[in-house]
Amino acid sequence: MKKSTPYVWKNALLDSIDSIAQNKATYFENPETAFSRTQKISLRDTILFPMVASNESTSVELLDYFPMKDLPSQAAMSYRRNQLKLSAYQAVFQDFTRKLPQEKNYCGMRVIACDGTRLNTPYNPQDTDSYVNCIEGRKGFNQYHLTTCYDVLNEVFTDAVIQGYYSMNEKLALCTMMDRYNSDNPILFVADRGFSSYNVIAHAFYNKQFFLLRLPFPMAKNIFCDTQNISDNDIMDIEDTFYVGRVRNKISKTLKNYHFRAKNKPYDYIPIGSKEIDSFSVRLVKFPLPSGETEYLLTNLPKDTFSIADLQELYRLRWNVETSYRYLKYASGMIYMHSLKQKFLFQEIFAKLTLYNFCTAVNQCINLKTTANLAHKYVIEKAYLVKSCIRFLKGQLKYIIQLVKKRKVPIRAGRKFERNIRRGHADTLQYR
């Protein structure tokens, strides 16, 4: 690719959008008629609009995006978006993400953190997949769950799965995304306790991938049930083999650390009733936290190459996906949905994921001069960067690098704040 500039990445994004028109049968609801006539809203505008829409009403967002002489109606935009399948927005996200540089790695591995976040959407009791009414006498709400894979070193979202409130299954989402990776380069998946399961471990082994999972105490205690009492020492690093199967017979009783998976337990690689048994050689690490709690990590990374300190550093990197959600949801405006229709909601989610990756590409074009006598290292203020990139895609800004370089913030390592957990709600569509 040419020298990395915001205009180069903007053209790369537009090329990804234009590639949709080359496969109408896959991405258009009606390939014969969709986008066949010249109208005010082009294919580019249809995909870019939900990407740059913010917290204003749809009519105001249209006024801000289109010239006055070509201003379309809200119905016209909805008509255009309805001509595209959700897969069109997914394809743009995936195609553009593949173009981004993946130079940063950890010991040759691409570090992918998997995590999930809940998205409150506008009130819609007809959407049975997301509508929740769990408190008698109180108005219900709508909520979806977004599970993503995030390259923590290159700062890009690489994959995503959207599930309804009642179909939410983070372990299944991670297994699905693991199966979609077909890279020849080593990949390390890092995830917290909500993703730990024997099925996830099996998917990593069968796909020849590395994993680093934080385990809850019951699973850490039972995974090597015949080996050692994990409560004996404060620090522990042991390697052993455990077995997984769907039968209980003479053979399984002779195996050390055998785990039986019942019919109601998901395990994708052994059919129910089969006598097959899988074996996995893994490593269980235990160490105390400064808070006094004990943390358990399970991995298939080799012990002679990755020390406990290395595993701690790798798991610490996972926190980057948590901070990325802050900018994805609030700075880019994902919390401000502009529709009730599920298809349109999902379109906006993948459009915002693409916008986040575009902002990362622009950020990599900026070279900040470092001064040795400064107390802190400085980076670009990401929230301001996102807002600037939105205006750059709209054509309202030209010299974006000179603008965002002025907004720098220091990195203060080791800062800790108590998490402010509060009940979230969707922004109403009454005035949007």
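Which side chains meet in a salt bridge at 3.5 Å, N to O? In this predicted model, the partners are Asp-95 and Lys-99. Both residues sit in helix H6, which spans residues 86-99, and because they are 4 residues apart, about one helical turn separates them. Lys-99 is partly exposed, with a relative accessible area of 28%.

Salt bridges can also share partners. Asp-115, Asp-192, Arg-318 and Glu-322 are joined in this way into one network. Overall, the count for the model comes to 17 salt bridges. The idea behind such pairs is a simple one: side chains of opposite charge can pair when their charged atoms come close.

Other pairs link parts of the chain that lie apart in sequence. Arg-44 forms a salt bridge with Asp-18, and the closest N and O atoms of this pair are 2.7 Å apart. Here the link runs between two helices, with Arg-44 in helix H3 (residues 43-52) and Asp-18 in helix H1 (residues 6-18), and the two residues are 26 residues apart. What is the relative accessible area of Arg-44? The value is 34%, so Arg-44 is described as partly exposed. Asp-18 is partly exposed too, with a value of 27%.

A further salt bridge connects Lys-343 with Glu-29, where the closest N and O atoms are 3.0 Å apart. Lys-343 belongs to helix H13 (residues 342-363), whereas Glu-29 is found in the loop between helix H2 (24-27) and H3, so this pair ties together parts that are 314 residues apart in sequence. Glu-29, at 43%, counts as partly exposed.

How many of the 10 residues of H3 are buried? The answer is 9, so the helix is mostly covered by the cut-off of under 20% relative accessible area. Among the buried residues are Leu-43, Ile-47, Leu-48, Phe-49 and Val-52. Asp-45 and Thr-46 are buried as well, as are Pro-50 and Met-51. And what do the buried residues of H3 pack against? Their neighbours are H1, helix H4 (58-65), helix H5 (74-82), H6, H13 and helix H14 (382-394).

Note on methods: Residues numbered from 1 in each chain as written. Predicted model: local features only at pLDDT ≥ 70, side-chain atom pairs only at ≥ 80, totals over all residues. Heavy atoms only, no water. Salt bridge = Lys/Arg side-chain N within 4 Å of Asp/Glu carboxyl O. Buried < 20%, exposed > 50% of the residue type's maximum accessible area, 1.4 Å probe, protein only. Contact = heavy atoms within 4.5 Å.
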